[in-house]
Amino acid sequence: MTAVADLSRTLSSALSVEGVIVASSNAGGNDRAMSEAAAEGLLLSAYTAAEHFVREFFFELIDGVSLSRLFPSPLSGLSASLNRSIVYLATDKLDWMPPAGTVEPRANTLFPNGHPFLRLKWRDTFSERLNDAKMVRDRIAHSGEKAEATYWLKVAEQQQAYKRPGAWLISRSAEFATPTSNLKVLVTTLESMAVALSDHAPDLDRLLGPTQPVPENAKAIPGTFKCVTCSAVGSAMVGSPLGRCRSTTCAPTRDKTTWAYFAE
């Protein structure tokens, strides 16, 4: 079973349990406290499973098991144990969950023509949800002052009703008009991340939301860029600046170009 199939099974189970947890929280009293504890445990296990997925999927890419046609690995054909040794060459501890600062740079080095982790790039709302998942996970797993302060500042916004992370998880998300718990939003975010990374041609705007505008000095990643002004398609080598739009509409002007990104 591949890493994405294993995670999909875990998160599908988590989403089915989420509804039971949120429903039972309305009873109050001890049932409410139990629901909060259950929500924390569910988020912690889902996040751990997603973190494991990213690590194992990364090595599937390195070994040439996944997406080898789109992202051919220069290490394909070597032994899996040797590939792991190469990835861990500088350190034996890596922060695997995007938007971590270690996975993408390592992928940039090993996949010079682009890699699927770049599909998450420029999707600020989605990145914020992943950050929320990490901060809540850290608050659940650690009782230190730093984890608590970060949780208050970035997630709970110093609302004492959410002193326990489980209380925030079972509460209604402010993002959606349809009643949706914060727990469901985060678990769904982890699932969308996995599909976006591992699918051959995922509908990224549906999974992750649209990208933010891309400036002309941004470095190109695999995919298509269209001028926001005239919809002309721009071409640039992966890793090089996008530059200005050269269409007959935009070229005569001196305005800087803003691009919209579409996945390959």
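Modeller: Let's go through the overall layout, then the helices, the sheet and the cysteines. Keep in mind that this is a predicted model.

Biologist: Fine. How many helices and strands are in the protein chain?

Modeller: The protein chain has nine helices and four strands. Along the sequence the pattern reads α-α-α-α-α-α-α-α-α-β-β-β-β.

Biologist: And what box do the C-alpha atoms fill?

Modeller: Roughly 65 × 50 × 35 Å, taken along the principal axes. The protein chain has 264 residues, and 42% of them count as buried.

Biologist: Start with helix 1. What should its 22 residues span, and how far apart are its end C-alpha atoms?

Modeller: Helix 1 covers residues 3–24. At 1.5 Å a residue, it should span 32 Å. Its end C-alpha atoms are 32 Å apart, so the two agree.

Biologist: Which residues of helix 1 are buried?

Modeller: A3, L7, L11, A14, E18 and I21. As for the spacing, an α-helix has 3.6 residues a turn, so residues three or four places apart point the same way.

Biologist: How do helix 1 and helix 8 cross?

Modeller: Helix 8 is residues 182–198. The axes of helix 1 and helix 8 come within 10 Å and cross at roughly 160°. An angle over 145 degrees counts as roughly antiparallel, so that is how helix 1 and helix 8 run relative to each other. Their crossing is left-handed.

Biologist: Over how many bridges does strand 2 pair with strand 4?

Modeller: Four. Strand 2 and strand 4 (residues 258–262) are antiparallel. In strand 4, A260 is the bridge partner of K226.

Biologist: And strand 2 with strand 3, over how many bridges?

Modeller: Two, again in the antiparallel sense. Strand 2 is residues 224–227. F225 has G234 in strand 3 as its bridge partner.

Biologist: Which residues sit on the covered face of strand 2?

Modeller: F225 and C227. T224 and K226 are on the uncovered face.

Biologist: What about the hairpin of strand 2 and strand 3, where is the positive phi?

Modeller: At S231, near 70°. That hairpin has five residues between the strands.

Biologist: Last topic, cysteines. How many disulfides are there in the whole structure?

Modeller: Zero, from a search of the whole structure.

Biologist: Is C245 buried or exposed?

Modeller: C245 is buried, at 5% relative accessibility. C230 counts as partly exposed, at 24%.

Note on methods
Residues numbered from 1 in each chain as written. Predicted model: local features only at pLDDT ≥ 70, side-chain atom pairs only at ≥ 80, totals over all residues. Heavy atoms only, no water. Disulfide = S-S within 2.5 Å. Buried < 20%, exposed > 50% of the residue type's maximum accessible area, 1.4 Å probe, protein only. Expected span 1.5 Å × (residues − 1). Pairing = 2+ DSSP bridges. Axes fitted to C-alpha atoms, helices over the stretch in contact; angles between N-to-C directions. Parallel < 35°, antiparallel > 145°, perpendicular 65-115°, else oblique. Left-handed = near helix turned anticlockwise from the far one by under 90°.
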